[in-house]
Amino acid sequence: MNILVIGLITGVLFGFLLQKARVLRYDKQLGALRLQDMTIVKFMLSAVIVGMIGLHLLSDLGLIALSIKGAVLGANVIGGLIFGIGWGLVGYCPGTSLGALGEGRWDALWGILGMLVGAGLYAETYPFMKRTLLTWGDLGKITLADVTGIHHWIIITLLAIGTLGLFRWFEKKGL
Amino acid sequence: MKQLEQGSWSPYLAGALTGVVSVLSVWVSGKYFGASTSFVRTAGMIEQLFAPERVAKMDYFIKEAPVVEWQWMFVVGIFVGALIAALTSGSFRLQAVPDMWAAQFGANSTGKRAGVAFIGGLILMFGARLAGGCPSGHGLSGTMQLSVSGYIALICFFTGGMFVARQLYKGGAKP
């Protein structure tokens with residue numbers, strides 16, 4: 001099948017699940033940032049734990065190749081914090097903004113327009129970033145297993161147990 | 001348990017299914033979830049309409065060419081999937097101002113909401129590109145692979161977001 005069609009189908013499945021879980025909404029995203037409603041955190045961490053197990057299983061069997069993004073402290077930390085500031089204002093992330101528009105929350109349109117302008121602005125500053133922030137604290141393509149020297153299945157088990165504990169706590173607190 | 005809205009699915013279930021879809025995506029097409037690169041490509045496509053020669057010479061648009069590829073269709077799919085889920089569950093609603101926003105800033109603050117969403121989107125995307133990804137690329141795909149950059153970025157996303165949410169809803173009542 002054509003790779004573009006596969007992309008579309010994958011996106012439709014993702015968008016469907018995002019809407020079903022009600023995680024596309026501003027109220028849910030701000031609810032998490034205000035520590036009042038952990039729906040999006042439950043959704044994300046559930047996806048991460050299942051994905052973590054599946055990807056490492058397939059990778060250990062030699063069926064897929066992992067694709068690790070390099071850790072560059074300057075870019076990851078400063079870019080991450082800037083992202084967070086914008087996220088708190090717009091209340092949608094790049095993927096969910098399109099989904100929010102799909103369920104009729106059309107204030108997402110303003111956010112999407114802003115995102116396009118932001119992408120264009122970043123393209124203008126990229127040569128500068130490449131000389132500065134993108135070189136600060138470049139640790140290469142490392143994983144938690146590389147950093148700690150602990151086998152990846154032990155880390156996955158610990159993260160899964162920790163996440164289940166967190167879920168139990170969310171439910172007990174009614175978050 | 002937190003009360004679920006009618007027609008919605010548990011975020012744990014929908015999240016776990018999202019994990020399955022993301023693993024299948026890597027297995028079938030070798031593609032990891034991500035969204036923010038597509039905003040760069042789209043910005044490039046728009047700029048190409050006005051200044052094609054300039055775009056062709058810009059480093060960042062050479063790195064992320066302004067073309068439709070897998071991820072671009074994936075992002076379009078998120079819109080379509082959310083639309084289908086919203087229409088079939090009766091939760092589609094045209095809304096210019098989110099409920100939580102209206103409770104804090106008034107229901108007639110459409111202009112203010114548009115401005116804040118635009119600025120937020122701009123800041124967010126600049127940060128996402130600097131950080132090398134958004135909650136899809138870093139938050140889901142990165143953390144699933146235990147990549148250090150994914151965990152750093154995700155923590156910074158939430159740190160920045162919680163700070164802004166706190167300022168924005170200072171003194172706001174619990175919804």
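**The model and the chain**

The structure is a predicted model. Confidence in chain B comes first. Its mean pLDDT is 95. Of the residues in chain B, 97% reach 70 or more. For the complex, the predictor gives an ipTM of 0.96 and a pTM of 0.96.

Chain B is built from helices. It has 9 helices and 0 strands. Its pattern along the sequence reads α-α-α-α-α-α-α-α-α. Along the principal axes, the C-alpha atoms of chain B fill a box of roughly 50 × 40 × 35 Å.

**Two domains in chain B**

Domain 1 of chain B covers 1-94, and domain 2 covers 96-175. Their contact takes 14 residues from domain 1 of chain B and 13 residues from domain 2 of chain B. The centres of the two domains, taken over C-alpha atoms, are separated by 17 Å.

Between them, domain 1 and domain 2 of chain B bury about 920 Å². Carbon and sulfur atoms account for 56% of that area. Which residues of domain 1 of chain B lose the most area to domain 2 of chain B? They are Tyr32(B), Phe33(B) and Ser36(B). Together these residues make up 44% of what the domain 1 side buries.

Polar links also cross this interface. The rule finds 2 salt bridges between domain 1 and domain 2 of chain B. Within chain B, the side chains of Arg93(B) and Asp99(B) meet in a salt bridge, with 3.4 Å from N to O. Across the domain interface there are 5 residue pairs in polar contact.

Two helices stand out by name on the domain 1 side. In chain B, α1 (11-29) and α2 (36-50) each supply at least two residues of the side that touches domain 2. The largest share, 4 residues, comes from α2(B). By type, the residues of this side of domain 1 of chain B divide into 7 nonpolar, 5 polar and 2 charged.

**Chain B against chain A**

The size of an interface is often given as the accessible area lost when the parts come together. Between chain B and chain A, the buried area is about 10400 Å². Carbon and sulfur atoms give 75% of it. The contact joins 119 residues of chain B with 117 residues of chain A.

How many salt bridges are counted between chain B and chain A? The count is 5 salt bridges. Glu5(B) forms a salt bridge with Arg22(A), and their closest N and O atoms are 2.9 Å apart. The rule also finds 31 residue pairs in polar contact across the interface of chain B and chain A.

Several helices of chain B give two or more residues to the side that touches chain A, among them α4 (59-63), α5 (70-88), α6 (99-105), α8 (135-144) and α9 (148-168). Helix α7 (110-131) of chain B is also one of these elements. The largest share of that side, 17 residues, comes from α7(B). The residues of the chain B side divide into 74 nonpolar, 32 polar and 13 charged.

**The two interfaces in a table**

| Interface | Buried area | Share on carbon and sulfur atoms |
|---|---|---|
| Domain 1 of chain B and domain 2 of chain B | about 920 Å² | 56% |
| Chain B and chain A | about 10400 Å² | 75% |

Definitions and conventions: Residues are numbered from 1 along each chain as its sequence is written. Chains are lettered from A and ligands numbered from 1 in the order in which they are written. This is a predicted model: local features need pLDDT of at least 70, side-chain atom pairs count only at pLDDT 80 or more; totals for chains, interfaces and linings use all residues. Side-chain values use heavy atoms; hydrogens and water are left out. pLDDT is the predictor's confidence in each residue, from 0 to 100. Domain bounds come from an automatic or database domain assignment. Contact means heavy atoms within 4.5 Å. Buried area is the accessible area (1.4 Å probe) that two parts lose on being put together, summed over both. A salt bridge is a side-chain nitrogen of Lys or Arg within 4 Å of a carboxyl oxygen of Asp or Glu. A polar contact is a pair of N or O atoms within 3.5 Å; within protein, one must be able to donate a hydrogen and the other to accept it, and residues adjacent in sequence count only if both atoms are side-chain atoms. Ala, Val, Leu, Ile, Met, Phe, Trp, Tyr, Cys and Pro count as nonpolar, Asp, Glu, Lys and Arg as charged, and the others, Gly among them, as polar.
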